[in-house]
Amino acid sequence: MGGLEKKKHERGAATNYITRNKARKKLQLSLADFRRLCILKGIYPHEPKHKKKVNKGSTAPRTFYLIKDIKFLLHEPIVNKFRDYKVFVRKLRKAYGKAEWSTVERLKDNKPVYKLDHVIKERYPTFVDALRDLDDALSMCFLFATFPRTGKCHVQTIQLCRRLTVEFMNFVIASRSLHKVFLSIKGIYYQAEILGQLITWIVPYSFAHDHPTDVDYRVMATFTEFFTTLLGFVNFRLYQSLNLLYPPKLENKPEENELKQDDEEKYAMDSESYMEKLAALSASLARVVSSNEDDVMPDEFPADGENAELLEERQKEQQILEKQKKLFEGMKFFLNREVPRESLAFVIRCFGGKVSWDKSLCIGAVYPVTDETITHQIVDRPNLDKQFINRYYIQPQWVFDCVNGKTLLPVEDYFLGVTLPPHLSPFVEEKDGDYIPPEKLKLLAIQRGESTYECETQSEEEEEEDAEESEDEDMDEIEKQDEERLKNMETQKVKGKKLNVKVTAGTVKVENKTQASQREQAEEKRLAIMMMKKKEKYLYNKIMFGKKRKVRETNKLAAKRKAHDDMLKAEKKKSKKMKSQ
Amino acid sequence: MAAESMSAPGKANRKGGQTKRPLPGLEEKHQLPIFENSGLDKDEDGGDLTDSEESIFSGLEDSGSDSGGEEEEGENEDDDDSGVEEKSMKDKFSKRDVKMSEVARKEEGERNGKLDESDCSLRLEQLGPTPLGDEYEEDTSDEEDIRNTVGNIPMEWYKDFPHIGYDLDGKKIYKPIRNKDELDEFLDKMENPDYWRTIQDKMTGTDIRLTDEQIDLIHRIQRGQYGDAKFDPHEPSVDFFTHETMIHPVTNHPAHKRSFIPSLIEKEKVSKLVHAIKMGWIKPRKPRDDTSLFYDLWAQEDPNAILGRHKMHVPAPKLKLPGHEESYNPPPEYLLTEEEKLAWEQQEPEERKLNFLPQKFSSFRAVPAFSRFIHERFERCLDLYLCPRQRKMRVNVDPEDLIPKLPKPKDLQPFPTTQALVYTGHTNLVRCISVSPSGQWLASGSDDCTVRFWEVSTARCMRTIKVEGAVRSIAWNPNPVHCLVALTVDQSVIIVNPCLGDKLLYNATDQLIASFEKPEEEPVQPVEWTAAEGEAFDEGFRLIIRHNKLVKQVTWHGKGDYLATVIPDNGNAQVLIHQLSKRRSQNPFRKNKGMVQCVLFHPIRPFFFVATQRYVRVYNLLKQELTKKLLTNCKWVSSMAIHPGGDNVICGSYDSRLAWFDLDLSTKPYKVLRHHKKALRGVAFHRRYPLFASASDDGTVIVCHGMVYSDLLQNPLIVPVKLLRGHEITRDLGVLDVTFHPTQPWLFSSGSDCTIRLFT
């Protein structure tokens, strides 16, 4: 056998991967810089299929990067900027040490900065790609926007985050693309559909954070650096697509201007208040070309057979969506000061409602409490002293439930001081076999247009209760009858002992054919399962285990619900009895 | 230059302005508090200064009062402020160094003399409002010292002494005699109008009546006012200097010559800068980039920009969307109960199914901030850049597809399906059963030391034979001509004629046994053959073969003349083969490998199967050699059966496996079936139908269709067709033996519940 000796680990999978340390050495970067570069360029470790082969026979836990990725990083201009920055820091420290203040100033002026434009273009070659990855960017920016202006990170970053998030929210309002809102215990989830992409983000409740110490803020700051750039470009493009001015300008309506002018002048400088006015979310944005809102109807093509059905369905969905977009149109809301203003204003405006609040609460109030045309006032306190007759006083959950239900729900359940119905997650899509809470069923019924469902169920429940009561009485009667019968039987037995033994004709056991066949089939299946190969049997058992667990969980939830309902019913009965006594 | 420096605020209090020039000493006092001291000392000391004091203070004096020193002023004015400071410090030290030299001292003496005068006048000016003599009167610090010299110590230390301290002469100061009791105190309080303003001096122990002024002072302090009633905190401030630049210089010095000559150093510096600019080393400051940060990045979307990288890209999975349980007001069934909460808290954070506790809030305003929000975002960040990604194909398998498609049991009939008869009568577990070749009789041996013979079709017990021990194995002679049953009881094998069925037949068998003639020379045998006589003969016993160890199994050769026994503890003679017609026994093997579990004769050919714990060895009895060694892959073989064709063997094992060997195919099992949940006790082949059955400790008998084709290329087909239940599990034992009816597709099984069951 001639030829060169084949060495191990010089071909195949081993040559495609590189460990992190080796990659770092190749790039001549410190670990911190390497990490930052990976974050910015979106390079992540890969899990090789055969770890041992790639790891040259060792089983030590290592992270592997694709060697192509690392080579790709070699030519990155940002790497040079990192090095420049290191030099800059060294020079600056020296100047500080020597107390050469002019040098310090000069150095600071020439601080090396890098731009991330090319990175974004490279990572997201098309706009849709960028939209697809917007979830984390939005969540992060919304979080950073709530940080205090001191400490954890640069003030500029926080301000930029705030600006970008406000711009994005304004865009969502303008495009009316919000679909779902969910009040969770973690924060508020929003879901919007932009260019066919579902974008979900979470906004923390606006309280001060207690900053954890076991979190590396540098990593978060690096991510935010990238995310802000991405969000900025996305915002620009989105504004452009709607013919809106960027940076956003508020639409000037002469009659409103006069109203507001005086108190705004007192408030702050123009440049400062503008941002806040934008953040108030109460006014619409200026457009490049004042568009007259005529929707371009998509051309209709004649469709055949199966396609027609699909098309019809799609049209129906479209109609529902259109309807949802105009959910709050023509309504005027007023927010009391104890409700979270920003989220409610955002949601209401997204669906075409008008919203205002107390003038002292925030800039941008459009009308005062005393406005007669207000239809809904959102209040989150047990009761209110002064109430106007011609408006509903409701709790904030109504707004969110309406949005998720895609219809205006009855306000009665959401009046002040009323125990609220559960707030359900709009993100759950139940498949058959999953547990569906009864509230969801109710909602689905309302969506289908069966508005009477609820009343019916209620009346049914009451009837049931009555029935139960009567049943109790019935039971007593039945028991009595039974006792009598038993007595009769006993007497007969006593008599029977005296009688001769009698052979009674046996009854023919009627076998249920379907049951028998079912049993047979089950047994067949059981026998077939016996003959499975070991591997397949393992897989089969795993699948079946998962299925069984799911069923168990569903049953558990249902049982819990039933116990809860029973308890409520019992309490109701008790209170009824107490009242009657 | 002098005028310029004056206008600078930093230097304002160093020099007096022209308009409102304060006295130099006064500012000095403001600037350096040490000065006051020195001045005071000088005042006290008057003219006679000691050497040391003079030299110390002279240095300070010089540095502070550089405005007064004409020589230094000129120099100082050229430099800026910091320079002055440094210089003065240097001066101070240099002066100290020089203090030994006489000349310097003299000079300084002169200077100090001058200064002293001015300083004195200064003090007088400053203390203008208060007369000089009063100074000592108000100074109360000395007064106390005079009265009691103990110093500033807690007076409790003198509690137990009659005196309270010492006066200046060192004599004890005695405590004033105090014999006031509560009553006196009270009377005093009632009668003395000045009681409220009397306090006790702790130093001397005397009572002091506070004066009106003192009380006034206390009141003022209590009210938070200034102690001095005359002090006006709001008097209008008087500027020392105007903010306007005056035309006249502050000092009257003529300008120095140096101020008219252009500076060489400056020139040098400027030329350097010019050179640097010429060479391009210094660049003009770049204008700030004011262009907007963002623009339309995706203006031209180039499809070519989508590289291979993007196709290979594994996008990070999106976060899971929240379910109902995350709501601030979830449906009640999603809230955790107390036990679930406890369990949740005890779990490791990584193991928890939910990373939060579901909670219910009555209203939206009650919802607090989520404390782990930043953590969660951070963890997401870590996942994005640290978590290795891999593309995984998720197979969406329908579990039904995994089940193999087998021929339907219905098509493989006949096989036993239902329990038809139960043979009851035994009082202990039934270890072994055997069916007569005609299929009419069933023999069973039990631990209750009986052997019973049943009629198969009626479940009637025809005969019961008592033996001396538990019956471990029973076997009906396969030859239909003989009517004999072999059974093992303890150390012996008993050949029984059950005397059932055709009378001619069993009489013929008896005659055959009786016709045996002893050979002349008795061969040496490992066992002892005896013919039964008398009562035992009436019972049915014909022959007894006594071994010297416990016999475990007995099995007949197909022709019914030979029978093999297994004696596990018998060293090298674990297997013995007996010939009935000649009443001869022999040990076929010189040496036994392993513990023999069971043996079998091949139905047609002269092969002999010996199963040890793990292997089955196949010997050729004619050639007297080992032909095959089958590897069962089991831990402990319990039973063995051979297909009537003779090419297939099944082995049951205590580790609940059944191994099917195709002898033509390989020495390894063709198929291993793990159908049972517990140890297998018995296996059996049907003689006619393609059926085999296995009995297990889990109380079940599984009947399988085991078709063997005559075509050598086609592998046997094995399909489980029926799972038979009926036997109850007692003492962890289920079904102990299983056997088929020789002609019908019927199955007999004996169990530990003392019954035998027939399945048809």
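**A buried arginine and its surroundings**

A: B:Arg389 sits in chain B, in the loop that runs between α15 (373-386) and α16 (399-402). The model is a predicted one. The side chain of B:Arg389 has no salt bridge although the residue is buried. The nearest side chain of opposite charge belongs to A:Asp133, and the distance to it is 7.1 Å. A salt bridge would need a side-chain nitrogen of Lys or Arg within 4 Å of a carboxyl oxygen of Asp or Glu.

The neighbours of B:Arg389 come from both chains. Leaving aside residues up to four places away in sequence, B:Arg389 touches A:Tyr44, A:Pro45, A:His46 and A:Glu47 in chain A. In chain B, B:Arg389 touches B:His313, B:Val314, B:Pro315, B:Ala316 and B:Leu384.

Chain A also holds helix α2, which covers residues 31-41. Buried residues in helix α2 of chain A are A:Asp33, A:Phe34, A:Leu37, A:Cys38, A:Ile39, A:Leu40 and A:Lys41. After α2(A) comes A:Gly42, with a positive phi near 70°.

Charge on the surface of chain A is the next topic. A patch of positive charge gathers A:Arg83, A:Lys86, A:Arg90, A:Lys91, A:Arg93, A:Lys94, A:Lys98 and A:Arg106. Helix α5 of chain A, residues 77-98, gives the most to this positive patch, with 7 residues. A:Lys86 has its place in helix α5. Its relative accessible area is 46%, so A:Lys86 is partly exposed. A negative surface patch is made by A:Glu309, A:Glu312, A:Glu313 and A:Glu317. Of these residues, A:Glu317 lies in helix α14 of chain A, which spans residues 306-325. A:Glu317 counts as exposed because its relative accessibility is 52%, and the cut-off for exposed is over 50%.

B:Cys449 is in the loop between β7 (441-446) and β8 (450-455) of chain B. Its relative accessibility is 25%, and B:Cys449 therefore counts as partly exposed. Apart from residues up to four places away in sequence, B:Cys449 touches B:Ile465, B:Lys466, B:Val467, B:Glu468, B:Gly469 and B:Ala470. B:His426 is 23 residues from B:Cys449 along the chain, and their C-alpha atoms are separated by 9.5 Å.

Chain A has 581 residues, and 38% of them count as buried. Its secondary structure consists of 20 helices and 9 strands. Among contacts in chain A with a separation of 6 or more, 62% are between residues 24 or more positions apart. Chain A exposes about 36,500 Å², and carbon and sulfur atoms supply 52% of that area.

Chain B has 760 residues, of which 39% are buried. There are 18 helices and 33 strands in chain B. Residues 24 or more positions apart make up 49% of the contacts in chain B with a separation of 6 or more. The accessible surface of chain B is about 46,300 Å², with 53% belonging to carbon and sulfur atoms.

Notes
Residues numbered from 1 in each chain as written. Chains lettered and ligands numbered in written order. Predicted model: local features only at pLDDT ≥ 70, side-chain atom pairs only at ≥ 80, totals over all residues. Heavy atoms only, no water. Patch = residues over 30% accessible without salt bridge, like charges linked within 9 Å, V, L, I, M, F, W, Y side chains within 5 Å. Areas by Shrake-Rupley, 256 points an atom, 1.4 Å probe, with all protein chains shown as cover. Lys, Arg positive; Asp, Glu negative; His and termini not counted. Charge placed at Lys NZ, Arg CZ, Asp CG, Glu CD. Helix = DSSP H or I, 4+ residues; strand = E, 2+ residues; numbered from the N terminus. Buried < 20%, exposed > 50% of the residue type's maximum accessible area, 1.4 Å probe, protein only. Contact = heavy atoms within 4.5 Å.
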